[in-house]
Amino acid sequence: MTEVRPPGAPTAGLWERDEELAAIAEAIDTLCADRSSPGSLLVLRGEAGFGKTALLAETRRIAEQRGCTVWSARGGETLRSVPFNVVRRLLQPALVSMLPEEAREYLGDWYGIAGPALGITDPGEGHADPQGVCEGLVAAVGRLAHRDWPLVLLIDDAHWADQETLHWLAVFAERLADLSVLVVVARRPGEISGVSAGHLDAVAAAADRPVTVLSALTPEAAAGLTRAALGTHADAAFCREVWAVTGGNPYETVELLAKVQDSELEPVEAHAGELRDLNRSARGGGLVARLEQLGIDATRFAWAAAILGNDITVDLVAELATLKADSAARCAELLRSARILTTPDPSGAGRGTPGDLEFVHPLIATAVYNSIPDALRRAMHGIAARIVTDSGRGAAAAARHLLEVHPDDDEELVWQLREAAREHVAVGAPDAARRCLERALEEPPRPEIHAHVLYELGCATFLTAPARTIGHLRAALGMPGLDGDRRVDAVVRLSQALLHNNQMDEAVRTVEAEAARLEPGPGQLRLRAVQFMWEGLLAGEAGSPGRSERLAELAATCTGRDNSERVLLILRGFDAMMRGENAEEIVEVCDRALVNGRLAPGLGWTDSEWGVELLLMLASSYAYTDRLDRAESLYNEALLAYDTAGWGGGHLALAHAYVGLGHRRRGRLEAAETSLRESLRLAERVGRGLPLYWTATCNLVDTLLARGHVDEAWEVAERHGFAPPYPSTVVLPDPRSVRGRLLLAVGRTKDGVNELEAAEKAAAARGHHHPVHVSCAADLARALVTEDPVRAARLAVDLRRRAERLGTDTAIGEALRVAAALETGQRAVRLAAQAVTYLESSPCQYEHAAARVEYGILARSVPDLERGLALARSCGADTLAKQAARELGTSVGPR
């Protein structure tokens, strides 16, 4: 390394960075080569002062030189509580240049979802789904990138970015293969923990090359930098001491050399001993002492700037520091001269606007902020919050300051924090809402509203942390003040959180106890309906005694005149379906729960009063009574509703799972597999072991078995934990039955029989006798045909009886297929022919295909084998199609 400044390197941060610059230039060249070039991601990691910002500035210069559009933003240590702060600043150039109608056109369906998070449209009422907002931001940036190609995004100090931005960045990084965008992220090691750390780790994992770790300057580079700044006469001992004092930190080296120049110190060995004292004045306590030397007004000005963190203008700082305009202007100039504040480079889009101020380096900002006496710092945050509120920017904008104010039994502060929480929830930032409400509890709230704050806190954490929600809502319900409809709603939400946390028994007990406490009326009726709903989903060994009878009696009096009655009708229909009662009666009950064939207002997929589980029960009742057209309409309506509303978490995972179930019942196995894999991908994000995860996995295994992809089904089961212990909620189809069939398919016959017997026992204990949903009897009869033919025959007879009670073509046809498999000769042929007749009228084409092939083999019927082959191929039932083709390839003569 030469001891002269590299030509063209404008800052110390670029010394000894040839490899990093080459990688950046290569990435920019690849981006600019073609609009179809895949996107890429580079991550720079280095200690404070190691030149990350300088490298990003050079990236901007190179990119703009090649005709790229460059947007940049940086995190701030005091701004981490501001949701979407960094991504908003990143996109400011694009958003500011657009008229509202242009933004709506570019963002399309995502405008109402991502717009509030970006600050370009007002948030709606209720809760925005964080995953949906994240997906909307990904789509927004993707569309803007297409407009502004070639686009380079620079994110500095990512370790201080807000959690919501990091969530977006982690998801966006995974999609870069489909987006022609270059993203360069700079961060310090450490500095972050928890969820945000996980997001940054995911970003690093998605990078195109290993994370670039920046190293300190070598002694040779420090010497070259010293001589470039002070002159070539700087001697070797002095240069070596510069390196030793700064540890090769580029920023500290530059600051130290500036101090040497200011002090007119001769750069020779005799003065090397003075470097340590000079270096001390550029950092930490030395910096604070230097600031104090500038006077009390300048100190107050710097403190106010540190409190604001961004959007620092002389006027705003003057108001916060209670300085006159001329004094504030003089302080700003003093702090610029002292290299504490500076005017940002106007080309640094997203970092400020002309006339703003910023700290020369984040290290200085941190030192100044930490030097403010604690009581004064909290008071200044309170004043800053008032300034923000008075400016009309709302409680959410003031929230980061409100969070820092000292608790003081301030009723107004509690109200502001609750308002901020409502705004945060509405834009999809529940964690930001949680912080506001937790801080409100510290104030503390007045006794009459304390329970309401806890209730709101429970609602804020509902989508992201069911366990926390349980604690908050239990505490709220244990206090006075929560009455009427809000108390009922809190109990229902608590039970939903218990359900999602796999605590079904407790969910049932919670609503049962509250219902018993209330007088008859709408609130009690709602709780009774929820109790019936959770009991209907409970997969324990035995149900509540007399539950079905009580539910049937209640539903018999319901005409569907209001939503409480409609809910009871849906629950009655689902219970009757699970018990295998007459399909026509089940459909009649379910139809009474609709209004002109549609879901009633207040019972839509995105309405929160009753929850998604209820509507899935309705749709599944139709699916298992051969009314697949109605079931699929509801499933697809759910998918559209959640896509449109941007609900990308558990709700969307369930919607894809049940769309897949609809495809599976219909016999569209390839489409089912696609939907179920997407469901499982989304469910992975929400958490393993939850009911929705079981739903996705169980249906995928069932579909792969129908396709004949046994090895793949086993691999999915192993990878996703599809094995005992089973969830405490009902899953459709029955997971024990599917698991038993899987074990038989892989040759573990004894284990498969044991699993199917356990499934049969559990279903009988619950009174679940639907012959298609609980398919264990059919599979068990086939498995026992050789080992225990008497029992197999008994199972087949019972299956036929239950199928005829249900009365659907699918159930009767499937029962006849089992009976045919247990017989031989002409009796087997006759039964197989009857199965074909029923299943030909069924909407379930895979079962029809299987029956055709089985009959074709038994009767040696080429036309039936050919029809079965065509049906199997259209279904995507690969193994069944191969079996039919193999049979057709043999000599088929008369029996």
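**Close-ups from a predicted model**

View 1. Leu-176 has a relative accessible area of 4%, so it counts as buried, the cut-off being under 20%. Leu-176 sits in the loop that runs between H7 and strand S4 (181–187). Leaving aside residues up to four places away in sequence, Leu-176 touches Pro-38, Gly-39, Ser-40 and Leu-41, along with Val-181 and Val-183. For a sense of scale, pick out Asp-591 too: going from C-alpha to C-alpha, Leu-176 and Asp-591 are 46 Å apart in space, and in sequence they are 415 residues apart.

**View 2. Asp-157, with a positive phi.** Asp-157 isn't a glycine, yet its phi is positive, near 50 degrees. Look for Asp-157 in the loop between S3 and helix H7 (163–174). Is Asp-157 buried or exposed? Its relative accessibility is 4%, so Asp-157 counts as buried.

**View 3. Glu-264, another non-glycine with a positive phi.** Here phi is about 55 degrees, in a residue that is not a glycine. Glu-264 belongs to the loop between helix H11 (250–263) and helix H12 (275–280).

**View 4. The cis peptide bond at Trp-149 and Pro-150.** These two residues are joined by a cis peptide bond, and omega comes out at about -10 degrees. Pro-150 is found in the loop that links helix H6 (130–147) with strand S3 (151–156).

**View 5. The cis peptide bond at Glu-443 and Pro-444.** This one joins Glu-443 to Pro-444, again in the cis form, with omega at about -5 degrees. Which loop holds Pro-444? Pro-444 is in the loop between helix H21 (430–442) and helix H22 (447–460).

**View 6. A patch of negative charge on the surface.** Five residues make up this view: Asp-408, Asp-409, Asp-410, Glu-411 and Glu-412 gather here in a negatively charged surface patch. Take Asp-410 as one of the patch members. Asp-410 is placed in the loop between helix H19 (394–402) and helix H20 (411–426). How open is Asp-410? Its relative accessibility is 34%, so Asp-410 counts as partly exposed.

Methods. Residues numbered from 1 in each chain as written. Predicted model: local features only at pLDDT ≥ 70, side-chain atom pairs only at ≥ 80, totals over all residues. Heavy atoms only, no water. Patch = residues over 30% accessible without salt bridge, like charges linked within 9 Å, V, L, I, M, F, W, Y side chains within 5 Å. Areas by Shrake-Rupley, 256 points an atom, 1.4 Å probe, with all protein chains shown as cover. Salt bridge = Lys/Arg side-chain N within 4 Å of Asp/Glu carboxyl O. Lys, Arg positive; Asp, Glu negative; His and termini not counted. Charge placed at Lys NZ, Arg CZ, Asp CG, Glu CD. Helix = DSSP H or I, 4+ residues; strand = E, 2+ residues; numbered from the N terminus. Buried < 20%, exposed > 50% of the residue type's maximum accessible area, 1.4 Å probe, protein only. Contact = heavy atoms within 4.5 Å.
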